[in-house]
Amino acid sequence: MAERIATIASRVGLHARPAAIFAEAAGNEDLEVTIAREGEPAEDALDAASILSLMGLGAEHGTKVVLRAEGDGAESVLETLAAILETDHDA
């Protein structure tokens, strides 16, 4: 399983707009991607394509999250998704 840590860059955290952008990108991938706050068990990870799960994550600016996916191209998918989280969509 591929894993990538990303830091939430949007100034107000993973709220509606950044969450929607990220959820749409995750949903467009052929792989199932999960997201969890750093330090949480992998089995508690949430569906990265669900905007409700993302909003419920409570990730604020500077929060580190772990993205996970399994399958062909997982590393590339996680890099792309991490770049979305590491962009300040509130700028």
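# Close-up views of a predicted model

**View 1. A salt bridge between Arg4 and Glu86.** The side chains of Arg4 and Glu86 come together in a salt bridge, with a distance of 3.5 Å from N to O. Arg4 belongs to strand S1 while Glu86 sits in the segment after H3, so this pair ties together parts of the chain that are 82 residues apart in sequence. Glu86 is partly exposed, its relative accessible area being 37%. The structure shown here is a predicted model, and this holds for each of the views that follow.

**View 2. A salt bridge between Arg11 and Asp88.** Here the side chains of Arg11 and Asp88 meet in a salt bridge, at 3.0 Å from N to O. Arg11 is found in the loop between S1 and H1, and Asp88 in the segment after H3, so the pair ties together parts that are 77 residues apart in sequence. Asp88 counts as partly exposed, at 25% relative accessibility.

**View 3. A salt bridge between two strands, formed by Glu3 and Arg68.** The side chains of Glu3 and Arg68 meet in a salt bridge at 3.1 Å, N to O. This pair links distant parts of the chain, because Glu3 lies in strand S1 and Arg68 in strand S4, and the two are 65 residues apart. Are the two partners buried or exposed? Glu3 counts as partly exposed at 47% relative accessibility, whereas Arg68 counts as buried at 10%, a value under the 20% cut-off for that word. In the model, the count of salt bridges comes to four.

View 4. Four strands form an open sheet, in the order S1-S4-S2-S3, and their pairing is antiparallel. The edge strands are S1 (residues 2-7) and S3 (residues 46-47), each of which pairs on one side only. Strand S2, made of residues 33-37, is joined to S3 by two bridges, and these strands run antiparallel; within this part of the sheet, Ile35 stands opposite Leu46 in S3. S2 is also joined to strand S4 (residues 64-69), here by five bridges and again in an antiparallel manner, and Arg37 stands opposite Val65 in S4. Four of the five residues of S2 are buried, so this strand is largely enclosed by the rest of the structure.

**View 5. The largest nonpolar core.** This core has 26 residues, and those with the most contacts inside it are Leu14, Phe22, Ile35, Val65, Leu67, Leu81 and Leu85. Which elements give two or more residues to this core? They are strand S1, helix H1 (residues 16-27), strand S2, strand S4 and helix H3 (residues 74-85). H3 gives the most to the core, with seven residues.

**View 6. A nonpolar patch on the surface.** Ile51, Leu52 and Met55 form a nonpolar patch on the surface, and together they have about 300 Å² of accessible area. Leu52 lies in helix H2, which covers residues 51-56. With a relative accessible area of 70%, Leu52 is exposed, because the word applies to values over 50%.

**View 7. Glu70 in the loop between S4 and H3.** Glu70 is placed in the loop between strand S4 and helix H3. At 54% relative accessibility, Glu70 counts as exposed. How many residues apart in sequence are Glu70 and Glu38? They are 32 residues apart in sequence, and in space they lie 18 Å apart, taken from C-alpha to C-alpha.

**View 8. The annotated span of the chain.** An unreviewed UniProt entry carries the annotation "domain: HPr", which covers residues 1-91. In the predicted model, the end C-alpha atoms of residues 1-91 lie 33 Å apart, and the span is 33% helix and 21% strand.

Notes: Residues numbered from 1 in each chain as written. Predicted model: local features only at pLDDT ≥ 70, side-chain atom pairs only at ≥ 80, totals over all residues. Heavy atoms only, no water. UniProt positions renumbered as here; feature names shortened; annotations may be inferred. Patch = residues over 30% accessible without salt bridge, like charges linked within 9 Å, V, L, I, M, F, W, Y side chains within 5 Å. Areas by Shrake-Rupley, 256 points an atom, 1.4 Å probe, with all protein chains shown as cover. Buried < 20%, exposed > 50% of the residue type's maximum accessible area, 1.4 Å probe, protein only. Pairing = 2+ DSSP bridges. Core = buried A, V, L, I, M, F, W, Y, C linked by side-chain atoms within 4.5 Å.
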